[in-house]
Amino acid sequence: MTIGLIALGLILVGFFGVRAVVSFVRLQQTGLQSGVTDPEAIRGWMTIPYIATAYGVPEEYFFEHIGIPAEGNRDKSLGQLNREYAFGQPAAILNAVKEAIRKYQREQPPVTEAPP
Amino acid sequence: MSDLSLTDFFLTGLITYGPPMLGLALLLAGLGLPLPATLFLLATGAFIRQGVMDWTTTLGLGLLGVIVGDSASYMLGRFAGDWAQRRFNRSTAWRSAQDTFARRGGTAIYLTRFLLTPLAIPVNLIAGGSRYAFWRFLGYDAAGEVTWIALYVGLGYVVGSQWELISQFVGDFSGLLVGLAALGAGVYLWVQRKSCSPPTPSAAGPG
């Protein structure tokens, strides 16, 4: 049992040690910017109201851009919406949402304060 | 777009239904369902920062959920322990394990809540099975879970939208700590065994 415990410990330390170092290096290279609103961070589990809050884009803008009704779709994830409205087109809704954010950001550039 | 996984299901639930979904996820994780509970806490911190979730209800229901889940797995261990008690009652190793847990179990319960998290469920089962006092278990469990929730929700709040990046490192680091704990325990047992074994006479002998 003692030898087994030592062997298990060595395997776990080796396996997770390498993974932890790789993750840490990746973190160092990426850097942490807590307020990032990059459309590439959109995931299939997200809902339209959540994305609207996180990215500061009105909900209606997304539904209009994608061309689906808001009614009954607010609680559904992008993955569910894709299955219901974009048969056979993987990531169609996800890409449409990313495009909507980029378009909105072009149309509504960040407001800078005017000098007094 | 990948198919909906269990993790995705709970993340969608968190942003749609908020605190009750966190409570449910942590309860199921406490029962032993393989859910990435630490990842949910990091995400919750980010959602609180984004204004999607309210921090008081979220932390309250999260803590309630995980304590109920831990208590349930303790009880499971207790029922299984009754069988083990009947089966191994005369075994000295079984009694010794029970005595050791009764003396040092509090530290194990506390540390496995937030530091050595992969060992939390086995410790719950052992605590129940070895008839460790429930109220003492509950005290250490609550203290450890408060630390866990404060630590990872706080971290998620600080890193904000980049919580996914940090969750990989947290998972790997936790696995590394479990490996170090196993290695440390193995070396400790090996040294104990060496010091307890009688000295063997030298083959060459004096002269």
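User: What relative accessibility does Glu59(A) have, and as what does Glu59(A) count?

Analyst: Relative accessible area sorts residues into buried (under 20%), exposed (over 50%) and partly exposed in between, with a 1.4 Å probe and protein chains only. Glu59(A) stands at 21% relative accessibility and therefore counts as partly exposed. This is a predicted model, in which local features need pLDDT of at least 70 and side-chain atom pairs count only at pLDDT 80 or more, while totals for chains, interfaces and linings use all residues. Residues are numbered from 1 along each chain as its sequence is written, chains are lettered from A and ligands numbered from 1 in the order in which they are written, and side-chain values use heavy atoms, with hydrogens and water left out.

User: With which residue does Glu59(A) form a salt bridge, and why might that pair be of interest?

Analyst: Side chains of opposite charge can pair when their charged atoms come close. The partner is Arg74(A), and the closest N and O atoms are 2.6 Å apart, which meets the criterion of a Lys or Arg side-chain nitrogen within 4 Å of an Asp or Glu carboxyl oxygen. Because Arg74(A) lies in the loop between α3 (59-66) and α4 (78-85) of chain A, whereas Glu59(A) belongs to helix α3 of chain A, the pair ties together parts that are 15 residues apart in sequence. Helices here are DSSP runs (H or I, at least four residues), numbered from the N terminus. Arg74(A), at 34% relative accessibility, is likewise partly exposed.

User: How many salt bridges are there over all chains, and what do others look like?

Analyst: Nine are found over all chains. Among them, Lys76(A) and Glu84(A) meet at 3.0 Å, N to O; Lys76(A) is partly exposed at 21%, as is Glu84(A) at 35%. Another joins Glu99(A) to Arg106(A) at 3.5 Å, where Glu99(A) is partly exposed at 32% but Arg106(A) is exposed at 58%. Shared partners also link Glu40(A), Lys98(A) and Arg102(A) into one network of salt bridges.

User: Where in chain A is confidence lowest, and where is it highest?

Analyst: Where pLDDT is low, the predicted coordinates should not be read in detail. On this scale of per-residue predictor confidence, from 0 to 100, chain A averages 83, with 82% of the residues scoring at least 70. The lowest mean, 84, belongs to helix α1 (residues 2-30) of chain A, and the highest, 92, to α3(A).

User: How much space lies in the largest pocket, and which residues are closest to its centre?

Analyst: On a 1 Å grid over the protein atoms alone, a pocket is an open set of points where a 1.4 Å probe fits, with protein on both sides within 12 Å along at least five of seven lines, and lining residues have an atom within 4 Å of a point. The largest pocket holds about 1200 Å³, a volume filled by probe spheres set on the points. Its lining has 29 residues, and those closest to the centre are Leu5(A), Thr100(B), Ala108(B), Ile126(B) and Ala185(B). Elements giving two or more residues are α1 of chain A together with α5 (92-114), α6 and α8 (163-196) of chain B, and α5(B) gives the largest share, 13 residues.

User: How much space lies in the second largest pocket?

Analyst: About 550 Å³ lies there. The residues closest to the centre of this second largest pocket, among 28 in its lining, are Leu35(B), Ala37(B), Thr38(B), Thr117(B) and Trp148(B), and α8(B) supplies the largest share of that lining, five residues.
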